[in-house]
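Me: I am new to this structure. Can we go through what its labels rest on?

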Amino acid sequence: MGNALQGAFAPQDPDFAQAVAASFANQGFMTTLGARLETVEPGHVVITLPYSDAVGQQNGFFHGAAIGGIGDNAAGYAAMSLMPPGSDPLTVEYKINFIRPALGTLLRADGQVLRAGRSLTVARVDVSVVSGDGPDAPVALLQATISKREPR
């Protein structure tokens, strides 16, 4: 995804990258899938997922639930990177468009905040697949609204 907005946001938490990484490490679902947090920048997060039978469907493609799962997390953590210390992201809604079968060795969810409000953040995620024999191929587009849970 082109990061035209990257750099347009200033994090409220100077330790945002560590906060995002710690939260990601506590997610059982991402651990179960085998997902990895690759990039954490203000308003921008990349999550990858290697292909395995555990995240595949009957035709050898990445399963749509795995695509949605890492896409949702890329949006949520991109939003979290701009939240005050101690805040947690919580998805209010997301919409996903699958644009081609996800056949490849690695899935990449590139999340970018479009608008960070006081209580709601809107993010877009471009999900692509790497096949090893060509350029990344887009497989899904996701748009999410993320709410900010106040520090406890």
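Me: What makes up the largest nonpolar core of this predicted model, and which residues have the most contacts inside it?

Reply: The largest nonpolar core has 35 residues. Leu 49, Phe 62, Ile 70, Leu 107 and Val 127 have the most contacts inside it. Helices H1, H2 and H3 and strands E2, E4, E5 and E6 each supply at least two residues. H3 gives the most, with 9 residues.

Me: Why might nonpolar side chains be found together like this?

Reply: In soluble globular proteins, such side chains tend to be buried together.

Me: What is Ile 70 in contact with, leaving aside its neighbours within four places in sequence?

Reply: Met 30, Leu 33, Ala 35, Ile 47, Leu 49, Leu 107 and Ala 109 are its contacts. Each counts because heavy atoms come within 4.5 Å.

Me: How do you know that Phe 62 is buried?

Reply: Its relative accessible area is 3%. Buried means under 20%. Therefore Phe 62 is buried.

Me: Why is Tyr 51 called partly exposed?

Reply: Tyr 51 has 27% relative accessibility.

Me: What makes Tyr 51 and Phe 62 an aromatic pair, and what kind is it?

Reply: Their rings are 5.1 Å apart, centre to centre. Rings pair if the centres lie within 6.5 Å. The planes stand at 85 degrees. Over 60 counts as edge-to-face, so that is the name for this pair. Both residues lie in the loop between E2 and H3, so the pair ties together parts that are 11 residues apart in sequence.

Me: How many aromatic pairs does the structure hold?

Reply: It holds 2 aromatic pairs.

Me: Why is the pair of Phe 24 and Tyr 77 called edge-to-face?

Reply: The ring centres are 6.0 Å apart, and the limit for a pair is 6.5 Å. The planes make 65 degrees, and edge-to-face needs over 60. So the pair is edge-to-face.

Me: Where do Phe 24 and Tyr 77 sit in the chain?

Reply: Phe 24 is in helix H1 and Tyr 77 in helix H3. They are 53 residues apart, and the pair links distant parts of the chain.

Me: Are Phe 24 and Tyr 77 buried or exposed?

Reply: Phe 24 has a relative accessible area of 9%. Tyr 77 has 3%. The limit is under 20%, so Phe 24 is buried and Tyr 77 is buried.

Me: What is the order of the strands in the open sheet?

Reply: The 6 strands run E1-E2-E4-E5-E6-E3, with antiparallel pairing.

Me: Why are E1 and E3 called edge strands?

Reply: Strand E1 (36–41) and strand E3 (88–98) each pair on one side only. Neighbouring strands of this sheet are turned by 20 degrees against each other on average, direction ignored.

Me: Which helix packs on the sheet at E1 and E2?

Reply: Helix H1 (residues 16–25) does, touching both strands. Its direction makes about 160 degrees with that of E1.

Me: How do you know that E1 and E2 pair?

Reply: They share 5 bridges, in the antiparallel sense. At least two bridges are needed, so the strands pair. Leu 37 stands opposite Ile 47 in E2, and Arg 36 has Thr 48 as its bridge partner there.

Me: What joins E2, E4 and E5?

Reply: E2 and E4 run antiparallel, with 7 bridges. Ile 47 has Ala 109 in E4 as its bridge partner. E4 and E5 pair over 10 bridges, in the antiparallel sense. Ala 109 in turn has Val 127 in E5 as a bridge partner. A hairpin joins E4 to E5 through 3 residues.

Me: Where is His 44, and why is it called buried?

Reply: His 44 is in strand E2. Its relative accessibility is 4%. That is under 20%, so His 44 counts as buried.

Me: What makes the link between the side chains of His 44 and Asp 110 a polar contact?

Reply: The distance is 2.7 Å, and the cut-off is within 3.5 Å. The side chain of Glu 41 also has a polar contact with that of His 44, at 2.8 Å.

Terms used. Residues are numbered from 1 along each chain as its sequence is written. This is a predicted model: local features need pLDDT of at least 70, side-chain atom pairs count only at pLDDT 80 or more; totals for chains, interfaces and linings use all residues. Side-chain values use heavy atoms; hydrogens and water are left out. Helices (H or I, at least four residues) and strands (E, at least two) are DSSP runs, numbered from the N terminus. Axes are lines fitted to C-alpha atoms, for helices over the stretch in contact, and angles run from 0 to 180 degrees between N-to-C directions. A nonpolar core is a set of buried Ala, Val, Leu, Ile, Met, Phe, Trp, Tyr and Cys residues joined through side-chain atoms within 4.5 Å. Buried means under 20% relative accessible area, exposed over 50%, partly exposed in between (1.4 Å probe, protein chains only). Rings of Phe, Tyr and Trp (its six-membered ring) pair if their centres lie within 6.5 Å; planes under 30 degrees apart count as stacked, over 60 as edge-to-face and the rest as tilted. A polar contact is a pair of N or O atoms within 3.5 Å; within protein, one must be able to donate a hydrogen and the other to accept it, and residues adjacent in sequence count only if both atoms are side-chain atoms.
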